[in-house]
Amino acid sequence: MSLLVNSTETVFFIVQVLAVSFLSILFLQSGLDKVVDKKGNLQWLSTHFANSPFKNFVPVLFYSITVIELLSGVLNFFGLVFLLFEGSLILALYGTILASIALIMLFLGQRVAKDYVGAQSLVSYF
């Protein structure tokens with residue numbers, strides 16, 4: 001193992017690659033699921049937020065979170081490519097910022113809907 005991890009820079013690089021890979025997979029899958037099953041997701045969300053202040057804004061919020069998740073996933077994917085081949089972190093940084101915004105939006109929604117278990121599960125992603 002010491003041959004692979006021979007410096008703190010190598011360890012830092014490995015952690016960056018793993019984190020950006022994780023965020024890319026998480027948000028590409030989540031965003032694409034919202035695109036592929038738009039009707040099912042909108043129906044579930046409308047029910048989920050039926051008794052919350054967000055009930056009249058579900059479609060707008062749905063499209064907003066979908067765009068942010070997809071952008072985050074794409075930026076993290078290309079960020080991973082640039083990190084591996086160019087050593088550049090800029091796209092991964094922007095993707096990670098959007099991922100954080102998406103998680104905060106989702107967390108807020110779960111808290112407002114009083115789905116505390118759902119909100120708690122998002123904390124581990126953050």
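Trainee: Where does Ala50 lie?
Mentor: Ala50 sits in the loop between helix 2 (38-48) and helix 3. The model is predicted, so local features need pLDDT of at least 70 and side-chain atom pairs count only at pLDDT 80 or more, while totals for chains, interfaces and linings use all residues. Residues are numbered from 1 along each chain as its sequence is written, and side-chain values use heavy atoms, with hydrogens and water left out.

Trainee: What makes a stretch a helix here?
Mentor: Helices are DSSP runs (H or I, at least four residues; strands are E, at least two), numbered from the N terminus. The chain has five helices and zero strands, and its pattern along the sequence reads α-α-α-α-α. The C-alpha trace spans about 55 × 25 × 20 Å along the principal axes.

Trainee: Why is Ala50 called partly exposed?
Mentor: Buried means under 20% relative accessible area, exposed over 50%, and partly exposed in between (1.4 Å probe, protein chains only). Ala50 has a relative accessible area of 35%, so it is partly exposed.

Trainee: How many residues does the chain have, and what share counts as buried?
Mentor: The chain has 126 residues, and 33% of them count as buried.

Trainee: How do you know which class Val58 belongs to?
Mentor: Val58 is at 3% relative accessibility, so it counts as buried. Val58 lies in helix 3. Its C-alpha is 9.7 Å from that of Thr47, at a sequence separation of 11 residues.

Trainee: And Gln110, buried or exposed?
Mentor: The relative accessible area of Gln110 is 14%, so this residue is buried. Gln110 is part of helix 4. From Gln110 to Ala99, 11 residues away along the chain, the C-alpha distance is 16 Å.

Trainee: What makes Lys114 exposed?
Mentor: Lys114 is at 61% relative accessibility, so it counts as exposed. The residue is in the loop between helix 4 and helix 5 (116-125).

Trainee: How many salt bridges does a search of the whole structure find?
Mentor: The search finds one. Lys34 pairs with Glu69, and their closest N and O atoms are 3.1 Å apart.

Trainee: Why is the contact of Lys34 with Glu69 called a salt bridge?
Mentor: The term requires a side-chain nitrogen of Lys or Arg within 4 Å of a carboxyl oxygen of Asp or Glu. The 3.1 Å between Lys34 and Glu69 is within that limit, so the pair qualifies. Lys34 lies in helix 1 (residues 8-36) and Glu69 in helix 3 (residues 58-86), so the bridge ties together parts 35 residues apart in sequence. Lys34 is buried at 12% relative accessible area, and Glu69 is buried at 1%.

Trainee: How do the axes of helix 1 and helix 3 run relative to one another?
Mentor: The two axes come within 7 Å and cross at roughly 145°. The axes are lines fitted to C-alpha atoms over the stretch in contact, with angles from 0 to 180 degrees between N-to-C directions.

Trainee: What is the hand of the crossing of helix 1 and helix 3?
Mentor: The crossing is left-handed, meaning that the near helix is turned anticlockwise from the far one by less than a right angle. By class, the contact of helix 1 with helix 3 has 16 nonpolar, 10 polar and two charged residues. Asp, Glu, Lys and Arg count as charged, Ala, Val, Leu, Ile, Met, Phe, Trp, Tyr, Cys and Pro as nonpolar, and the others, Gly among them, as polar.

Trainee: How far is Leu28 from Leu75?
Mentor: They are 9.8 Å apart, C-alpha to C-alpha, and 47 residues apart in sequence. Leu28 is in helix 1, and at 23% relative accessibility it counts as partly exposed.

Trainee: Which residues make the nonpolar surface patch?
Mentor: Ile90, Leu93, Tyr94, Ile97 and Ile101 make it, with about 440 Å². A nonpolar patch takes residues with over 30% relative accessible area and no salt bridge, with side chains of Val, Leu, Ile, Met, Phe, Trp or Tyr joined within 5 Å (like charges within 9 Å). Areas come from the Shrake-Rupley method with a 1.4 Å probe, and for residues only the protein chains shown count as cover. Ile90, in helix 4 (residues 90-112), is partly exposed at 41% relative accessibility.
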